[in-house]
Amino acid sequence: MEYVVGALIHQLRTIDPGEIRLVQITLPEEVEIAGKLYAIRDTMRPGTAFLAKPWGARTGKYRRRMYTRSNTSFNEPRLLETFINFTHRDQSDTSSWWQSEMATEWFEKGKTVEVRLQLDGDEEGVLVYENTKVCKATNLRLEDDGMWEGMRMVCVAFGTGITPFLSYARYLQANNFGRKEGRGGAHLTLVTSVRHEGQLMLHEEMVALEQQFPEHFRYQPVLTRSWPTAWEYSKGRIQRVISSVSGKAQIDISPLQTIVPNLTQSHLRICGSITACQQLTLGLEQGGLVPLSVRAESW
Ligand SMILES: Cc1cc2nc3c(=O)[nH]c(=O)nc-3n(C[C@H](O)[C@H](O)[C@H](O)COP(=O)(O)OP(=O)(O)OC[C@H]3O[C@@H](n4cnc5c(N)ncnc54)[C@H](O)[C@@H]3O)c2cc1C
C-alpha cells in the first residue's frame with residue numbers, strides 16, 4: 001500500500017527559462033489515512049530524494065518521479081526544495097512539464113502535487129518517503145552524524161546534480177561543520193559545472209557560505225560554454241574527452257585536478273547525468289587516481 005499526500009507548490013522560480021526551475025513543495029502537518037489522522041514527520045537525510053507525482057506533458061497523465069532535495073529537513077521540515085531541469089530526451093515527459101506554462105498555472109492557482117509518504121516503524125506517524133535509508137556507492141545519502149565530521153569531501157556536480165550537495169552544505173552549516181572542542185570539523189569543496197552564468201543555482205548563498213566558513217567550505221562554480229568577461233572562477237569543461245586512434249575514449253581530468261589538486265586525499269562525491277559521471281570515474285581510473293572513497297548518483 002502506497003501512501004501519498006497532496007502538497008502545495010509553494011514556489012516555482014525560473015532559473016534558466018525552459019531549462020531549469022527551482023521547485024518548492026509544502027506538505028501539510030497532518031494526513032488522514034483510513035479515517036485516522038497522522039502527523040507527518042520529516043526526517044529526510046541530506047542527499048536523499050523524495051517521490052512526487054507531477055504531470056507528464058508528453059503522456060498526459062500523472063507520473064512518479066524522484067527529486068533530490070536541495071534543502072534539509074533539519075532546517076525546513078515539510079518544505080521540499082529541488083531544482084528540476086529539462087532533460088532534452090525524446091521521451092521527456094515531466095521534465096518538460098515542470099518548465100511549462102501549465103506548471104506556472106498550477107503554482108498560481110494553488111494546485112497540489114502528490115508526494116509519497118511511508119508509515120513510521122511504530123505506525124504512530126508517517127514519514128516523508130526518502131529513496132534510500134543506507135549509504136551506498138551508488139547513492140549520495142550523507143554519512144551518519146559522527147562520521148561526516150571527520151571527512152574531507154570533494155563534491156562534483158553537473159547541472160542540477162548540485163541538489164544533494166546544496167543539502168549537504170546547508171546541513172553542515174547548520175551543524176557548524178562539525179566543529180567542536182578538540183575536533184577540527186569537516187571540509188567540503190563544491191565544484192559545480194553549468195553551461196552559463198544564468199544556470200547557477202543558489203550562487204550567492206554558496207559565495208556567502210564560503211565567506212562565513214573559509215576553513216570548511218570552498219565553492220568553485222565552473223562555466224563551460226560562455227562566461228562574463230570578469231568571471232573570476234574556472235571556464236571550460238572540467239573533463240575533456242580525447243578520442244584516440246583505437247577508438248577508445250581517453251578522459252583528461254586535469255582541469256578538475258587544477259581546481260582540486262588533492263583528489264586522492266578526499267572523499268569524492270559525484271552527481272549529474274550518466275555520461276558526465278561515467279566520464280569522470282573513467283578519467284580517474286585512466287589517470288590512476290584513487291580517492292579515499294567514491295560515491296556517485298546519476299539520473
Ligand atoms: C534518485 C533520483 C534523484 C533525482 N533527482 C533529480 C533532481 O534533483 N532534479 C531533476 O531534474 N531530476 C532528478 N531526477 C530525474 C527525474 O526523476 C526524472 O527522471 C527527470 O526529470 C526526467 O523526467 P521525464 O519524465 O521528463 O523523463 P524520464 O523519466 O527520463 O522518462 C520519461 C518516460 O519515458 C520513458 N523512457 C525514457 N527513455 C526511454 C527509452 N529510451 N525508451 C523507452 N522509454 C523511455 C521512461 O520510462 C518514462 O516513462 C532524479 C532521479 C532519481 C532516480
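Colleague: Which elements do the buried residues of H4 pack against?

Modeller: In this predicted model, they pack against helix H3 (163–174), strand E11 (187–194) and strand E12 (217–223).

Colleague: Why are residues of H4 called buried, and which ones are they?

Modeller: The word is used for a relative accessible area under 20%. In helix H4 (residues 203–212), His203, Met206 and Leu209 are buried, so each of them falls under that cut-off.

Colleague: How do you know that they line one face of the helix?

Modeller: Look down the axis of H4: the buried residues fall within an arc of 125°, so one face holds them. The face turned away from that buried side carries Glu204 and Gln211, which are exposed; exposed means over 50% relative accessible area, so both lie above that value.

Colleague: Nice. Which residues touch the most other members of the largest nonpolar core?

Modeller: Leu172, Leu190 and Phe217 do, out of 35 residues. Two or more residues each come from strand E2 (20–26), strand E10 (152–158), H3, E11, H4 and E12. H3 gives the largest share, six residues.

Terms used: Residues are numbered from 1 along each chain as its sequence is written. This is a predicted model: local features need pLDDT of at least 70, side-chain atom pairs count only at pLDDT 80 or more; totals for chains, interfaces and linings use all residues. Side-chain values use heavy atoms; hydrogens and water are left out. Buried means under 20% relative accessible area, exposed over 50%, partly exposed in between (1.4 Å probe, protein chains only). Helices (H or I, at least four residues) and strands (E, at least two) are DSSP runs, numbered from the N terminus. The arc is that of the directions from the helix axis to the C-beta atoms. Contact means heavy atoms within 4.5 Å. A nonpolar core is a set of buried Ala, Val, Leu, Ile, Met, Phe, Trp, Tyr and Cys residues joined through side-chain atoms within 4.5 Å.
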